[in-house]
Amino acid sequence: MSHPVRAARRRIQTEHASVVDGIDACADAIADPWDTARTTDNRAVADGFQRTLEETGVLAALPGVLADAVDAAGYELRAAPVPAPPYVVITSQGPVLRATIDPGRLVIRFNAFEVVRDPDPEQPPAYRRLDGVAVLVSLERE
């Protein structure tokens with residue numbers, strides 16, 4: 001792991017723990033109604049997550065997390081991020097933040113769900129709630 005990636009992750013964990021906790025609570029709200037440990041309805045996961053993040057104000061906080069992580073990594077954003085693509089994308093696994101910086105693209109994933117693929121390719125993937133939120137930071141070189 002590179003120094004900028006480590007610095008960005010550390011900043012998120014120390015300065016934005018409340019946002020990570022908010023993502024965790026929103027993911028719990030999505031998974032609570034399930035009658036099993038997983039669902040195959042990816043739209044319900046992604047759309048429900050998007051809606052819940054918006055309603056709780058967590059979505060609006062994500063551009064600030066991205067800007068702060070870029071700063072901690074020692075770089076500058078080329079433009080002010082907004083809570084929409086390409087800076088913030090809500091996937092069926094969780095929010096993904098992206099910023100183009102000098103050496104490439106800083107990508108921050110907040111994984112609250114995992115994709116479970118069935119060995120039968122005819123079966124849709126399932127989505128299972130993780131225990132907490134995994135914060136993954138990477139620098140993808142262009």
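Before anything else, I wrote down what a strand is: helices (H or I, at least four residues) and strands (E, at least two) are DSSP runs, numbered from the N terminus. With that sorted, I looked at strand 3 and strand 4, which form a hairpin with 2 residues between them.

**Ground rules.** I noted that this is a predicted model, where local features need pLDDT of at least 70, side-chain atom pairs count only at pLDDT 80 or more, and totals for chains, interfaces and linings use all residues. Residues are numbered from 1 along each chain as its sequence is written, and side-chain values use heavy atoms, with hydrogens and water left out.

**Whole protein.** I found 4 helices and 5 strands. From the N terminus on, the order is α-α-β-α-α-β-β-β-β. I also looked up the extent of the C-alpha trace, which spans about 45 × 35 × 25 Å along its principal axes.

**Strand 3.** I checked how strand 3 pairs (two strands pair if DSSP finds at least two bridges between them). Strand 2 (residues 88–90) joins strand 3 in the antiparallel sense over 3 bridges, and Val88 has Leu97 in strand 3 as its bridge partner. These two strands form a hairpin with 4 residues between them, and Gly94 in the turn has a positive phi of about 150°. Strand 4 (residues 104–116) also runs antiparallel to strand 3, with 6 bridges. There I spotted Thr100 opposite Arg105.

Is strand 3 enclosed or open? I counted burial, where buried means under 20% relative accessible area, exposed over 50%, and partly exposed in between (1.4 Å probe, protein chains only). In strand 3 (residues 95–101), 5 of the 7 residues are buried, so this strand is largely enclosed by the rest of the structure.

**Arg129.** I found Arg129 in strand 5 (residues 126–141). Arg129 is buried, with a relative accessible area of 16%. What does its side chain reach? I looked for polar contacts (pairs of N or O atoms within 3.5 Å; within protein, one must be able to donate a hydrogen and the other to accept it, and residues adjacent in sequence count only if both atoms are side-chain atoms). The Arg129 side chain makes one with the side chain of Asp24 at 2.3 Å, and it reaches the backbone oxygen of Gly132 at 2.9 Å.

**Thr52.** Thr52 sits in helix 3 (residues 42–56) and is buried too, at 13% relative accessible area. Not counting residues up to four places away in sequence, I saw Thr52 in contact (heavy atoms within 4.5 Å) with Cys26, Ala29 and Ile30.
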